[in-house]
Amino acid sequence: MNHKIAILSDIHGNTTALAGVLEDAKNLGATEYWLLGDIFLPGPGANDLVALLKDLPITASVRGNWDDCVLEALGGQYGLEDPEEIQFLRMTQYLMERLNPEHIDWLRKLPMIAKKEVEGLRFSLSHNLPEKNYGGDLLVENDTEKFDQLLDETTDVAVYGHVHKQLLRYGSQGQQIINPGSIGMPYFDWVGLKNHRAQYALLEVENGELVNIQFRKVAYDYEAELESAKTKDLPFIEMYEELRREDNYRGHNIELLTGLIEQYDYLKEANDFLQSIKTH
């Protein structure tokens with residue numbers, strides 16, 4: 001039997017990019033889908049994004065660090081002293097105004113790691129490390145010993161997301177390691193390689209052999225995605241505009257965040273949301 005597996009990662013609320021990727025995967029004959037986390041935010045996608053995923057034969061899913069951030073914000077774990085926590089409170093408030101609560105239950109139940117066997121070929125799926133879905137352990141420039149953390153004797157191919165770059169390399173014992181890149185937030189350090197396309201990977205397994213690995217880059221109307229975000233009053237829209245047009249997201253720029261929080265009085269909205277969480 002021939003299996004064509006589309007690996008989707010780091011959608012980050014970009015419904016327009018996801019729609020383009022799914023059309024491409026369908027045209028290429030994808031038979032199943034694996035989802036590697038970071039589904040929502042900083043883009044506006046909510047119920048509309050889930051509707052696209054709902055109709056897919058998704059056979060494996062794991063939880064990303066942004067998914068955990070949403071859950072932590074909803075769990076009352078964030079305060080009002082840190083601009084990054086204020087940002088996530090406000091963005092989670094925005095998301096919850098547009099998302100069916102049952103989808104949060106779905107997020108909560110996603111595991112950190114999934115194992116899949118396809119005709120005897122053994123895959124391990126995680127957002128980042130199997131026990132740690134955040135951090136820089138698996139940046140593409142890191143040494144092989146870092147990547148060996150993804151591998152054990154029961155893994156032939158490790159698949160991970162998180163770093164927003166497409167990657168194909170090997171562990172020290174020869175197992176394969178694949179990153180499909182990011183659908184919603186591709187990053188480029190080298191200017192000559194920059195483009196606005198959504199990234200995913202398509203694996204083909206035939207008779208127990210990994211016979212093809214395609215790294216896809218799919219064009220979509222990123223200006224339409226940005227207009228949609230503006231129409232939907234996405235908080236921190238200036239940052240999303242820079243992301244869509246410059247492939248740059250300054251989520252850790254405290255000075256920028258502080259300025260936007262003051263400009264739009266996001267502190268009040270974040271506080272209102274925090275109080276509503278604490279009273280429920």
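I sort residues by class: Ala, Val, Leu, Ile, Met, Phe, Trp, Tyr, Cys and Pro count as nonpolar, Asp, Glu, Lys and Arg as charged, and the others, Gly among them, as polar.

**Ground rules.** I am reading a predicted model, where local features need pLDDT of at least 70, side-chain atom pairs count only at pLDDT 80 or more, and totals for chains, interfaces and linings use all residues. Residues are numbered from 1 along each chain as its sequence is written, and side-chain values use heavy atoms, with hydrogens and water left out.

Entry: Grid points are joined across faces, edges and corners, and a volume is the space filled by probe spheres set on the points. I found 1 cavity of 30 Å³ or more. The volume of the largest cavity is about 40 Å³. Its lining (residues with an atom within 4 Å of a point) consists of I183, P186, H196, R197, A198, Y220, L243, R244 and D247. By class, I noted 5 nonpolar, 1 polar and 3 charged residues in that lining.

**Entry: two helices.** Next I turned to α7 (residues 222-231) and α8 (residues 237-246), which pack at an angle of about 175° with their axes 10 Å apart. Helices here are DSSP runs of H or I with at least four residues, strands are E runs of at least two, and both are numbered from the N terminus. Axes are lines fitted to C-alpha atoms, for helices over the stretch in contact, and angles run from 0 to 180 degrees between N-to-C directions. I therefore wrote down α7 and α8 as roughly antiparallel, a label for angles over 145 degrees. On the α7 side, Y222, E223, E225, L226, A229 and K230 make contact with I237, Y240, E241, R244 and R245 of α8; contact means heavy atoms within 4.5 Å. This contact has 5 nonpolar, no polar and 6 charged residues.

**Entry: backbone details.** I checked the loop between β2 (32-35) and α2 (47-54), where P42 lies. The peptide bond from L41 to P42 is cis, with omega near 10°.

Which loop holds H12? H12 sits between β1 (2-8) and α1 (15-27), and its phi is positive, near 55°. At 2% relative accessibility, H12 is buried (under 20% relative accessible area, with a 1.4 Å probe and protein chains only).

E119, in the loop between β4 (113-118) and β5 (121-126), has a positive phi near 50°. I logged E119 as partly exposed at 34% relative accessibility, a class that lies between buried and exposed, the latter being over 50%.

How values were computed
Parallel < 35°, antiparallel > 145°, perpendicular 65-115°, else oblique. 1 Å grid on protein atoms, 1.4 Å probe; cavity = no way out; pocket = protein on both sides within 12 Å on 5 of 7 lines; lining within 4 Å.
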